[in-house]
Amino acid sequence: MLKGSTTSWSYILVRLLFKFVLKIFYGTIVVENADLIPKTGQPCIVCANHSNSLTDALLLVTSMPSRTRNMLRLTAKSTQFGHRTFTSWLIESAGTVPIKRRKDFNNNEVDNSQVMDKLMDALELGDAVCLFPEGASRYHPTIAPLKTGVARIVSDVLSRNRDDPNFSISILTCSVTYMHRQHFRSDVLVTFNPPMTFTPKDNPELLAPVQHDEIRAVTARMHQQISSRTIDSPSWEFVRSAKMATRIYAPLGTLMSLGDYVRITRTFVEAFKASDDTQKIKRSAEDQSIDFTREDADLNQLRRDLKTYQDRLVHWGIKDDRIVRPLSLRTITMRMIIRLTWFIFLSTISLPGLVLWTPVFITTFIAVRNFKKSGPIWDTWDEIAQYKLVYGLFSGLSVWVACILFTLPSAAITTFLVPAMMWMTLRWMEDAVSAFRAFMSLARLLCVGKKTLNEIRATRRDLHVRLMNLAVGTLGLPDDPEKFFVESGGKQKGRVRSTWDSGAKYFSVRRRRKRDWNETLRLYDQVDYPAEGP
């Protein structure tokens, strides 16, 4: 069996460093099916959807257990190499291979033959190589058509080893789903799919000379696998409506894992896509046999009604759970007092730690604000998380070093005390923000007149009936989601649990701080998305 390349110290450093940084930036990173990853020594190409620039690669590197795969050889656009920047050093130190893109060279022809030879040599040693077949990262909810480069590499490697009928190479597809990719303390789901394995003996159709149809068939399988485990939507409006549908179908309090949440949301997105009249008009221009049914019209109307309902909630600044569970004035008042008291207490004890966090927040805010001005949303927002990670890491380390230098006589204590204080402050602030967000939601509930509230509640009841008919009768989802997801699904559940219930200490990284997978560290619910790009 092949042994694979040895792991460099710089790669180990990068993996440890960014595993720590990613766990700070994202609230929860759930990795599914890590047992499907081929072990070190088995040639493997790892492919994933690409919506978050360098963060995607770092996430894959840190999601693969080192005991299973000692390293993942990365690729990146050539324009990121050779600069005197931390990002450039990071990419080069991790053993990343530069790939030239035509769009970076005025759409002229580029020569990547040497790069491809390096990748194939690495695969023949038993390494794992990471490629993003979409070709470029972009801030859009749909997966772009995959390029055929991965399938061609598989064909070339098999052809070079045709004399060994048992030589095998795998394509491991991965579906990455960000709840809000650029927001601090949002959540991420990484799902590895069953690997596709090829050998010269079992796949002679991929040996040179190979038919282009065979290459496209492999690429189509990759696209199907990746899109089947993430939210692949034609527009942000579909994602927004599908998340609203998920919240009504499985209301707040349902112990649903992040994987379950994504799969339910994806199910609604696929239903809306299948009935979308705009898309059907486009397809019917090519195929006259496509017609519109009553079910299509009902689904389109349901999607529009969900959007209207969500818009109304946003207008009043309240959440769906405040509608489904009516509260008396006495209960609202008591809860407001409790939430406000808890917020004040947590904010007060967080003040010393916030002094340490302030330079980090200011640095990243300025860096991201300036970067946003460099281009349109669709071309820049996919790199915001990358900027926050890099500038947050630098500013955080600077704060740590500065504290050590200012307290040299007791530097041994400060070295450990500062990171611990910053971590505790982050935990307290998450609870404080959650408490204040609940306080504001309750306060806004008092501003909504009883007549308006009854109208919104009636709208919600109508939507619930229609959604349950769709979910259970058409989509085959469980008729009692609250009971079903308690008994099934992953360990990470989307609801704050007590220390005794969760088995995690208060400051443990395993203890969830949020009640809803859609929450971020903000004083309002993140339910809207930016305007569509090209």
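**Exercises on the cores and strand β2**

Of the 49 residues in the largest nonpolar core, those that touch the most other members are Tyr 249, Phe 268, Leu 306, Tyr 309 and Leu 467; such a core is a set of buried Ala, Val, Leu, Ile, Met, Phe, Trp, Tyr and Cys residues joined through side-chain atoms within 4.5 Å, where buried means under 20% relative accessible area (1.4 Å probe, protein chains only). The model is predicted, so local features need pLDDT of at least 70 and side-chain atom pairs count only at pLDDT 80 or more, while totals for chains, interfaces and linings use all residues. Residues are numbered from 1 along each chain as its sequence is written, and side-chain values use heavy atoms, with hydrogens and water left out.

**Exercise 1.** Describe how strand β2 (residues 44–48) is covered and paired.

Solution. Begin with burial: 5 of the 5 residues of β2 are buried. Next, take the directions: Cys 44, Val 46 and Ala 48 point one way, whereas Ile 45 and Cys 47 point the other. In a regular strand the side chains alternate between the two faces of the sheet. Finally, consider pairing, which requires that DSSP finds at least two bridges between two strands. β2 pairs in the parallel sense with β5 (residues 128–131) over 4 bridges, with Val 46 opposite Cys 130, and also in the parallel sense with β6 (residues 169–178) over 5 bridges, with Ile 45 opposite Ile 171.

Conventions: Buried < 20%, exposed > 50% of the residue type's maximum accessible area, 1.4 Å probe, protein only. Helix = DSSP H or I, 4+ residues; strand = E, 2+ residues; numbered from the N terminus.
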